[in-house]
Amino acid sequence: MMDRNPLILGNKTYKDITDDICEPVERLPGKQWMLMFFSAKALFLFYLTSVAIILFTGMGLMGTNHPIGWGTDIVTFVFWIGIGHAGTLISAVLFLFRQKWRTSVARSAEAMTVFAVMTAGIFPLIHTGRPWLDFWLLPYPNQRGPLWVNFRSPLLWDVFAVSTYATVSIVFWYVGLVPDFATIRDRAKNKMRKKIYGILSLGWRGSTRNWSHYEMVYMLLAGLATPLVLSVHTIVSFDFAVASLPGWHTTIFPPYFVAGAIFSGFGMVVTLLTLVRIGFPKFKDYITIDHMEVMNKIIMTTGLLVGYAYCSELFIAWYSGMKYEQYAFINRALGPYWWAYWIMFSCNVFVPQIFWFRAARRSIPIMFVVSIFVNIGMWFERFVITVTSLHRDFLPSNWGMYEWSIYDAAILFGSFGMFLTLFLLYLRAFPAISIAEVKPVLYVGKKRGGH
Amino acid sequence: MAKRQSGVAGIWSDDQLILEAAEKMRLAGYKKFDAITPFPVHGMEEAVGIKRSTIPWVTFFAALVGGFCGMYLQYWTSAVSWPINVGGKPMFSIPAFIPVTFELTILFAALASVGTMFFLNGLPKVDPPIIDPDLTSHKFALWVPDSEEGYSVEKVEAFLKELGAEEVKRVAEY
Amino acid sequence: MEKEQMQTENKKWKSLDEKYQTPEFLAQAEKEFQTSPLKDEDADDEKGGLARRQFMKLMGASIAMSSAACVRRPVQKIIPYNKRPSEIVIGVANYYASSLFDGREGLAVTVKTREGRPLHLQGNASHPGNGSGLSVRGSAQILNLYDPDRVRTPVINSQDSKKRGNKLSIPRDWDSLDQRAVKQLKEGDVRILTADTPSPSLKNLINKFTKNTGAQVHYWSPINQWEILKASELCYGRASVPRYRYDKAKMIVSVDGDFLGTHLNPTESSRLFSKGRDPEKGMSHLVSFQSVPSLTSFNSDDNYPIKPSQQLPLILAILHELSFEQKKVSLPASISATLKQHAEVYKNIGMSTEEFSGFVSELWNQRGQSLVLTGGLQAKTRDALALQIATNYLNNLLGNDGVTIHWAASLNGRNQSDEAIGTLISDMLEGKVKTLIINELNPIYNLPQASRFKEALGKVNTVLVTNNWMDETAVLADMVAPCGHYMENWGDNEFISGIVTIQQPTIRPLYETRSFADSLIVWAKMLEKPISQEDDFYSVVKNKWMGQLGSEQAWYDFLQKGFDGQVYDGIERNMGFNTSALERVQVTLEPTTLELSLYEKVAIHDGSMANLSWLQELPDPVSKIAWDNYLIVSPTLADSLRLRDGSMVQVQTESHTMNLPVYISPGQHPESVAVALGYGRGHGGELQKDVGFNVNEFIVPFDNQFVFAGHSVQLKKLNTTYMLAQTQGHHSMEGRDIAVETTQDLYKKSNDIGIHRHKIFSIWNGHKYDGHKWAMGVDLNSCTGCSACMVACQSENNIPSVGKKYVLGGREMHWIRIDRYYSGNETKSVDAIFQPVMCQHCENAPCETVCPVLATVHSDEGLNDMVYNRCVGTRYCSNNCPYKVRRFNWFYYDGHHRKEPLHMALNPDVTVRTRGVMEKCTFCVQRIKEAKNTAKDEKRDLKDGDIRTACQSVCPTDAIVFGDLNDKNSQVNKWFESQRQYTLLEELNAAPRVRYLAKIRNTQRDLGGGHHGPSHSTPEATDHKGGHS
Amino acid sequence: MFKVQYLLKLPILFLFLLLGFGCEWGSIGYNKGYQPEQPIPFSHALHSGEYKMACVYCHTQVEVAKHSAVPSLNICMNCHMVVGTDKEPIQKLQQKYYDGETVNWVKVHMLPDHVKFNHKRHVHRFSEAEDRYPACQTCHGDVKQMDVVQQYNSLSMGWCVNCHRESEPKGPLNCSTCHH
């Protein structure tokens, strides 16, 4: 067994941990936070306005057209759903693998998942021509015969997958939060606060019987969330893979999408946690540079996986001998959207290779920049898949170009406003690190100080 | 869990010490006592003498029900209630029905597990009394309710002190 | 299926009774339609209606939810007739035989009306001219009728008569206009400027009017055939435009005669042409020499780009080859010298000596059954007349006169000339004209400044325009007398001599309009110089034909059948040829390094119907560009000037300089450029305003004619670009088997079209279709790409036009589109192939599988049903459609339709789609239902041919067939078993119910296209679709 | 078909109610029983019930067209030139007729624009099939009893579809049967 670095730095006691983590929740927000929050909020309001204008006027304001029926909305949907995957992966999969380092970052990663899924969930709703009728996608009894839904459509699978994923993610997250809410409740000096967190904590006590059931459920949820998280992006990839378009109709899509999702999710976790570390310097003891390094290793690995998928797509297109498929891939790399393809390729495959160097892995500025590149690259990956496959398919007479409009930009950037608003609120209102989970790993990598 | 009980609690500030104390308490024949800790202390279940949780069974059966409901919902709506020729595919297109079946399996299982956990733990509770606010932060307690066989406040107090409790509290209602 | 109802209550149609034309009455009439799907709000709540619809837009979701709270729906009203006209049954269409002139050709039509509204036009199937075929412009006449920009009352303009600048337009009634007009007419020196009319009754009235009042009439139209008339007068002694029999010709040589697209009567010509093109029975050989790529050149078997200055030399070279090289004929000495000069012009158009001599030998071998055709705007060089005479002579030598060229069955209503307006202008300038009546012409727009027409107009005291639009000429007139539409007026038309078609009104005049003929009658009467015994033109026509036909019953039969008479179908002998005419055959046009041709587009013609969205939105069959004109340049020239599609260039001729955008087209000669007329309209409609560029200034008046082609031109590249709305951005098939063609020799040899047939299997048995099994066949060999189907479909199915901005964004809505692919060597001459693509109604429809809400599913008759009201608009279906035939309503497109009275053109049998809904071809399911209902009522089974889809019924070449595959004898079944049959993208196993018949080209060349072509070209930088930036 | 399946439906029903969309289950929002007041108090009970006039006497085109059509005023005047001229509503009707005006009746049975219903086909089907239905009453209820006409059925899509499913021979269930 190798000696490992301590997961939590500094000579902390249990009380220190409680105090450190509860502190942001219990004090008034600082200027930095306020500035960020109001910027995010402004962006969020801008987003809502843009969505309202589009709903009022019509989908025609977006860049989608004939033949490109899906554009920014679906691209960004897949982007956010992908980001959501890292949270569940960290909390569920790493839990099952007994990776103790996950405890410090799991909470924020899960929060990111929930908010990313919420942000993502808006897109399929607003991308339809008549969003006020979106509820028709649910199989509910009705006066039309009853007329049901088409369970053969990947979009319906999406409805079930995304809503199940959102539900389970929120439940998982919330179950994790319950003991911590109880902690805040018990520390509360203010009656109102006590009441609110009392309700949120559901009256948690922390008796061993409670903990016994709790841990069992936590493990079960982890066990359920793991196949779920794989299935969700698999099903999202089915939106494309089940269709018949060259460039979409590919069996590699499920694993490729899942790898891409983990990749982009970790990218976003690194982006957010570097910011959290700056915003809350005390958290540096919990979210240590070692945590960041581990995540950077995952980014590099999944980056290679994604790169493998890109190459294998090209190989299969050539090997299949199918002219439409071959053309689609030549067109991706060399056609009018070559720049999108090469942005994707460089950001996702080349840039993360810098993490072969330990110094880079442990450098906060480098990892921050790389994580941003990763997210840009991953957005372009979805753009490449969606738009460049659609813009030139079977009949050359139909070929066309995407008509990017300012509304596309508004929707894309505005969605970050929604995500960041939620995330910043979360940082203030919820314990950003799992108190109850960090305490058991206090002594990992350290000699237990005797009393 | 339903009724509130009175009892005695002993408080420790080290998880190792309370683990030993709980072990001793169980060996001394206490059956209904419980430990209250801010985080799950490794080994405490065995020390207090709690059997493995039965929730996995609930999960398993909920998963079966979810899977069945998912597949049946799709079969019934697509092939029985109003069969419609969609894309030249069979009415009961099993391969296409797998994803939804799977998702409902997971959903039922997850929700049922959490629900059961809440039920078994008596959650949610509205504003329950607490023994000590630090018990969710850095202190640990052993709690002996009045329903314990041969319960007497003094005896329990004495025993807790003997076990090394840093503080012993009489609790009127918990 | 056609139920041509007899018109019994004639008074209703043509009553000039003011009672029926009051605005109140019209408003009442419109209310009568309000229970139909046209209006979704109640009429008596006019203020609330719009607000409520806005509310519905916004709050659809909450309405859907609040329905649970039992909210009363908006109250609707039913407004029955006071007295229901006996022939109107609400919900049942009436069909009337009629005829109209689409600006280019006369068409016999069947008008479908519902509740007294004309809705849709089809050709009159039994008519020997256009038959069931209808042109693009013919179908669009429905929209013309309901054009919101029509002049609605007589108008008196307050004018500064010297300057002719409009100050104020005052709507008046007919009385005051008539009084003013007659006052002026009494002054004398009256001239009438009008296009020649094919109506014998009107012609008679005009003649009487001129005789009685001393007025002079000048027959002119902007695009006329004076040179053909003049040449025939010189050569044969009678001035007429012959009817060409493309069906009888084994070899057709067209030198810029675009008979399939724009020249003379393209609908009838296409019909005749396709009759001679049966791959099983033998096909004619069409050779095209074109200075502008056209439908004719794209449909030809062999084509050669030429310059305008090579047209006449080419004909002369053929004559030279025939006489001096091959010594088949001997020619008068007078012409030999001229011939010798041009003997080798073929070398300049890229033909080798062997090729040319082979071509001429073939022409000689087919003598008596060949046809040489020249003409059209592109051939109106300064040598236009010489070209026609030379062509006539060539045809005469080949023995085609009277066989493939029928002078006995001439095309009427074309007796008009540039000379006529030239005389008028000089008379006006000399002050010989006091009053000028301009009937449905727009010389201010159509003529260049150099013609001095505007200047001349300033010297006329009174200008009276009878027209339906306040166009460029009408705004300069003193009075505008709206003359109504073909569907509002009576008439009789003899488009082809010998056969008269009736023109019945099918709606009461929408506005206070009066036909030109009626105006003449009224004015003559007020002048006390009556020109008819009857008081209105209807009676004139009726009495004339009742007299001619013998009885009232015969008159009603005439109305029912729509036409009377026969077309000459024999062989004329002893035509004679006056060789002295050959003296005029002199080549005066000097070739230059770059020559400009003006040409007309299929849809826009001379610009007279430019205000119709259907015509503007129709992608030009040749260039696939909508909403614009542009300078066509060859790829070679574009390379040398570094031009790209949309680059602006400065175009400079001797007479005019202007900037135009460039469109690069294969099939254009490198030393020739071309631009279409009809754009850049100034007045007369909101829609046409500032669409394209007015290039009429390039027309040069020269020696009593207007010269349209052969101008020496210089191009200068500008550093700006312009967005051209092209609906098809990529023109190569990329080596895919999409539009399949082969040569006749190969097809005959192997009885095979040479494509890979895929072995397809399924893992289950599939659904059974026991009842009907609808299917469609499309014969690429017949399809000329004329696009008539696109407009007919638009009319039948309430398809909106979206405007240039959104065509640029790739959002055009046509349910059927015509793909045009090039193959062959793009720098020299190319082959083009047209392929109509509509919803393929796949049995394994990829779109259906992916729709989450079952908005598109299969019917038990194999139709791919699209349920608009269920659609939420995920657009997944469109993405997954390999044929990309689905169209999405990105906005509320009914906005334009709703501009009153355009909503009256909507077909009540087809739902008007709302925003956010997908739509596509339905195989005209409303027609299928209608035919099934009729069959049920008549207690019989459906017959093959009972159902004709909109696209099928207007196709002049019968390239589309629709029917039941379970009917063993159906036409579609025969096509599905043909050797030429293939399925588009067969390997995807979508199992389409549409199959194509491969195109066969009658050529000796090795065709470049299809699977023979280049395998994979590298994708170029951009697709042009959606414009150029 | 199979009784067992009805039992198996139960858990699904439960799930749907859980989804909270049960509100659309009933005939809520479909205006069944809608009975507006008309500008002229025309009584079907009197004309059709008491005087036993055939429906097609006034609704002349119901057997030949998609629309049953509310009668034009000249049909009313067939009788009311002489009948009941002393009554005020009849005088109003006459006045409208002579003025060339018409009556704005309030629409009772309303289908949305995207539903194409064919009266002719249904009337023929009802009166010619072996299991004869009363041609008009099946959908419109016993109009003979109605003084003021009211909407007798929900006219919801489910109502249409169920009839097409249950009658023998079955009506077509394609989407394009009604929507195009």
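Two strands are taken to pair if DSSP finds at least two bridges between them, and helices (H or I, at least four residues) and strands (E, at least two) are themselves DSSP runs, numbered from the N terminus. In strand S43 of chain C, C:Leu997 stands opposite C:Gln981. The structure described here is a predicted model, in which local features need pLDDT of at least 70 and side-chain atom pairs count only at pLDDT 80 or more, whereas totals for chains, interfaces and linings use all residues. Residues are numbered from 1 along each chain as its sequence is written, chains are lettered from A and ligands numbered from 1 in the order in which they are written, and side-chain values use heavy atoms, with hydrogens and water left out.

The pair C:Gln981 and C:Leu997 belongs to a stretch in which S42(C) and strand S43 (residues 994-997) of chain C pair in the antiparallel sense over two bridges. Both strands are part of an open sheet of four strands in chain C, in the order S41-S34-S43-S42, with mixed pairing. Its edges are formed by strand S41 (960-964) and strand S42 (981-982) of chain C, each of which pairs on one side only.

A further open sheet in chain C consists of three strands in the order S2-S3-S4, and its pairing is antiparallel. Strand S2 (93-101) and strand S4 (117-123) of chain C stand at the edges with a single partner strand each, so one side of each is left without a neighbour in the sheet. On average, neighbouring strands of this sheet are turned by 35 degrees against each other, direction ignored; axes are lines fitted to C-alpha atoms, for helices over the stretch in contact, and angles run from 0 to 180 degrees between N-to-C directions. S2(C) is paired with strand S3 (residues 106-114) of chain C in the antiparallel sense over nine bridges, and C:Leu100 has C:Leu107 in S3(C) as its bridge partner.

Elsewhere in chain C, C:Thr153 is found in the loop between helix H5 (141-145) and strand S5 (155-160). With its neighbours within four places in sequence left aside, C:Thr153 is in contact (heavy atoms within 4.5 Å) with C:Pro171, C:Arg172, C:Val480, C:Pro482 and C:Glu512. C:Thr153 and C:Thr381 are 228 residues apart in sequence, and their C-alpha atoms are 41 Å apart in space.

Within chain A, the axes of helix H9 (residues 289-320) and helix H11 (residues 338-350) come within 8 Å and cross at roughly 145 degrees. The residues of H9(A) that take part are A:Gly303, A:Val306, A:Gly307, A:Tyr310, A:Cys311 and A:Leu314, which meet A:Tyr341, A:Met344, A:Phe345, A:Asn348 and A:Val349 in H11(A). These residues divide into eight nonpolar, three polar and no charged, where Ala, Val, Leu, Ile, Met, Phe, Trp, Tyr, Cys and Pro count as nonpolar, Asp, Glu, Lys and Arg as charged, and the others, Gly among them, as polar.

Between chain A and chain B, 53 residues of chain A are in contact with 68 residues of chain B. The two chains bury about 5,500 Å² between them, 67% of it on carbon and sulfur atoms; buried area is the accessible area (1.4 Å probe) that two parts lose on being put together, summed over both. One salt bridge is found across this interface, in which the side chains of B:Asp34 and A:Arg209 meet (3.3 Å, N to O). The elements that give two or more residues to the side of chain A that touches chain B are helix H1 (14-26), helix H5 (154-187) and helix H7 (208-241) of chain A, and H7(A) gives the most, with 17 residues. The residues of this side divide into 27 nonpolar, 15 polar and eleven charged.

Towards chain C, 66 residues of chain A are in contact with 71 residues of chain C. The area buried between chain A and chain C is about 5,500 Å², of which carbon and sulfur atoms give 57%. One salt bridge is counted between them, formed by the side chains of C:Lys884 and A:Asp393 (2.9 Å, N to O).

Technical notes:
Salt bridge = Lys/Arg side-chain N within 4 Å of Asp/Glu carboxyl O.
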